Amino acid sequence: MKEVFELEKEFGAFYTGGKVAWSSDASKLYCQDGAKINTVEIMSLSITNSFGNQVDEEVLDDQIYTFDLSPKNDFLVSAHKSGLLKLWRTSDFKIIKIWKSLHQGPILQIQFNDSQSLVASAGIDGVVKLWKSELHVCVASLRGCHGVISALKFSKSSVESEYIIACGDDYIINAYDTRNGSMKKQFKNHCSTVTDFAFTLDNQFMISSGRDKVLNLWNFEKCIHIRTIPVYERVESLYVLSFSSPFLSNVKDAKDGIYVLYGGEEGNIKIWDVKNCKIIYKQENMVEISDRANSKQSINNIIYNEILSKVAIVTVDHNISIYDAETFTCQKHLTGFNDEILDLILVGSKDEYLVMATNSMDIKVFDRKSMNCKLLKGHMDIVLALSGHKSWFISSGKDCSVKVWKVHPTNFEFTCMATGTRHTAAIGAIDLSKECAFFVSGSQDKCIKMWKLIKEKTNSENYHLQCTNSQLAHEKDINSIKISPNNKFVATGSQDKTAKLWDTQTFQLIHVFHGHRRGIWTVQFSPVDQILLSTSADFTIRLWSLSDATCLKTFESHESSVLKANFITEGMQIVSTGADGLIKCWNIKSSECVQTLDKHLSRIWALAISSDESFFYTGGADSILSLWKDVTAEKKCQQISRMQEAILEDQNLANLINQKKMFKALKLALKIDRPATSLKILNNIIKQNEAGLEEAISNLSDSCKEALFKHAVNWNTNGRNTIAAQIVINSLLSDILIQKFDVKGLKSIIEETLPYTERHFKRLSQYYKEIQILNYTLKCTQPHIDIKIEEETD
């Protein structure tokens, strides 16, 4: 039986939109994420640290509008909602300086120059400010742009001059001399928002891009417009390639042109020779290509690392892909933000791939070892459901289609084998048989359909599946559909509050399961018994008999809708997820909730359990993917080991007491946390009037002293243990006074101890007075008797 699951790893968002910077050695990405900037290690795909989330800052949720990484990667400057600029040191993630930006409104652009001596900031007030990066003082306020400044960049640094280029809502590009702050040049030709500029190495030419779907080539030195190149897409980012770039290895007479690498709304990168007005390169088969309507795959940033010949592409749906510039093969794909996770499955011979459906028309497949991601395209709308087994999986979505995918056994590749489009509404439920011979689907059109699986690729590029059987199944949307382990039955669950059992061969209705008060979210067959599980929005899980459709058990621990559930441990346990973000593990025999896991912040839509049930994944509306591991065996081994150690230590303690080695016994009793035994040992030492008690207490380790102090405070509450408690407290307070021992919360401990100590003192004082009166009375009545009460009392 599985009793303990622990969170092994959690994959959350590291990039939620905004700017991305890339380190010079191509090992790290700096990604904007709300009020912080995450440093992501590319090889491990893990967040190593963050800027902006330090607990000692006055404002913890100070939204970051933009940032920039210095050319040498040693500093990072960020612009915040509070109107502050912050300079960070990247080596230790510490703030070096904070100063006011003096802008009227948010800062949308910020930039280091090549020498890192200047920082330029610009915002919605149309003003560009230049700051000395070392002194953090404003050396110039550059005016002339109108409205929001959409693009800002320094020209290539030279001995003679350096310019800062900016463009506002008037679409006029202004060039300012950074030495005196004067406007030197203006470039007018764009008719929409200007998005980026790039310069040739000698600063002779400038290329500008915009949302007017053109590239403009300028003679920067003479301030002359040379040419407009229509590219028929909105361009968001561009880069001027050097003649030594691997992209130009096959170009003859490369030095005769000016080559621009850019990306835009089409989602693929292109290289134009803007001097000769011809396209040199167009990537046709990269992940980001999409010809679908309302695509979210458009590129909003291109970062080119010339030293290592790598290109990073950032898309608007928070995907970051890293390509080799020579072969243009995708080396890494990072998913910065998953949005709402709708479904999860594990495929591959050893569950090595995790397939995820999110609020996207693309399917995300992760290699579990490296968490490298691959996007599978094909659906025309959001993918809603997944089902798979070993080398095959199927998907369905809002585009009313189902798709069959094959997993290649040797490499990280997946092929769409066929498509089925017989449903007339969104398909929210799908299931594949264990033998991968057929699958069934349920839709919002209230119908269920059976499809034969096509395992061989036909000559047709997109083979259309044929529906072998169809049935109008429910009165409302179908949320779940499952095939029984022996392939004889199909179960469906619907928003009409019923679950139904169907014959696989004839699609005839066998049973209707009534009892839920709200819509059913999940149905699941037991792997060993003739039992059907169902979960509902009425907060319950029910088990049904397949023979007579009676309810066998009801589980009522969830406080909101139960969205997913599955059998584990050969049908003896259930794992369920709820809309309250809780995961529960149930023992069916006892009907008890064995464990409740609370890490998610919202609805948990997806649950994927491994074949050997050693781990499972969950995901939901909070965009967090969680990996849970079964640690029941480990915990039991640890518990047995602890019990054996405790028995051994107890035996050693008993031996020390029998051997009258009281001081060693006291030390061991404190170490293994035995307060009652420690008190007995102390009372025994005091009773036998052994010398060296205070010295022995003083020589204890700090941890033992702290434990003894806590025990003494508790002993002090009982009058019977006052003597031992007061001796210990007195000895430890003496060590504290000479700074030999320090304890946290000393003030509260003293305040807790004083009332009982005062009560004991009053009681002893009264007892002493009564003894003295008795002594006086006896001496008066019988003066010839020699009474030694005082000495005994003392």
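The UniProt annotation "domain: U3 small nucleolar RNA-associated protein 13 C-terminal", from an unreviewed entry, covers residues 650-780; UniProt positions follow the numbering used here, feature names are shortened, and annotations may be inferred rather than shown by experiment. The model is predicted, so that local features need pLDDT of at least 70 and side-chain atom pairs count only at pLDDT 80 or more, while totals for chains, interfaces and linings use all residues. Residues are numbered from 1 along each chain as its sequence is written, and side-chain values use heavy atoms, with hydrogens and water left out.

View 1. Over residues 650-780 the chain is 79% helix and 0% strand, with its end C-alpha atoms 56 Å apart; helices (H or I, at least four residues) and strands (E, at least two) are DSSP runs, numbered from the N terminus. The domain assignment gives domain 1 (191-286 + 295-308), domain 2 (341-634) and domain 3 (660-778), with bounds that come from an automatic or database domain assignment. Between the C-alpha centres of domain 1 and domain 3 the distance is 81 Å.

**View 2. Helices α5 and α6.** The 14 residues of α5 should span 20 Å at 1.5 Å a residue, which agrees with end C-alpha atoms that are 20 Å apart; the expected span is 1.5 Å times one less than the number of residues. Helix α6 (residues 722-737) has 16 residues and reaches 22 Å from its first C-alpha to its last, close to the 22 Å expected. Among the buried residues of α5 are L708, F709 and W715, where buried means under 20% relative accessible area, exposed over 50% and partly exposed in between (1.4 Å probe, protein chains only). The cover over the buried residues of α5 includes α2 (662-671), α3, α4, α6 and α7, contact being heavy atoms within 4.5 Å. In α6 the buried residues include V728, I729, L732 and I736, and the buried residues of this helix pack against α3 (675-687), α4 (693-698), α5 (702-715) and α7 (746-781). After α6 comes Q739, whose phi is positive, near 60 degrees.

View 3. Strand β23 (residues 259-264) pairs with β24 in the antiparallel sense over 5 bridges, two strands being paired if DSSP finds at least two bridges between them. In this pairing Y259 has D273 as its bridge partner, and the hairpin has 4 residues between the strands, with G267 in the turn at a positive phi of about 90 degrees. On β25 (residues 278-282), which pairs with β24 in the antiparallel sense over 4 bridges, K278 is the bridge partner of D273. The hairpin of β24 and β25 also has 4 residues between the strands, and C277 takes a positive phi near 55 degrees.

View 4. Residues 376-407 are 0% helix and 62% strand, and their end C-alpha atoms lie 12 Å apart. An open sheet of 5 strands runs in the order β34-β35-β36-β37-β41 with mixed pairing, and its edge strands, β34 (383-389) and β41 (463-464), each pair on one side only. Strands β34 and β35 (residues 392-397) pair in the antiparallel sense over 6 bridges, and the bridge partner of G388 is F393 in β35.
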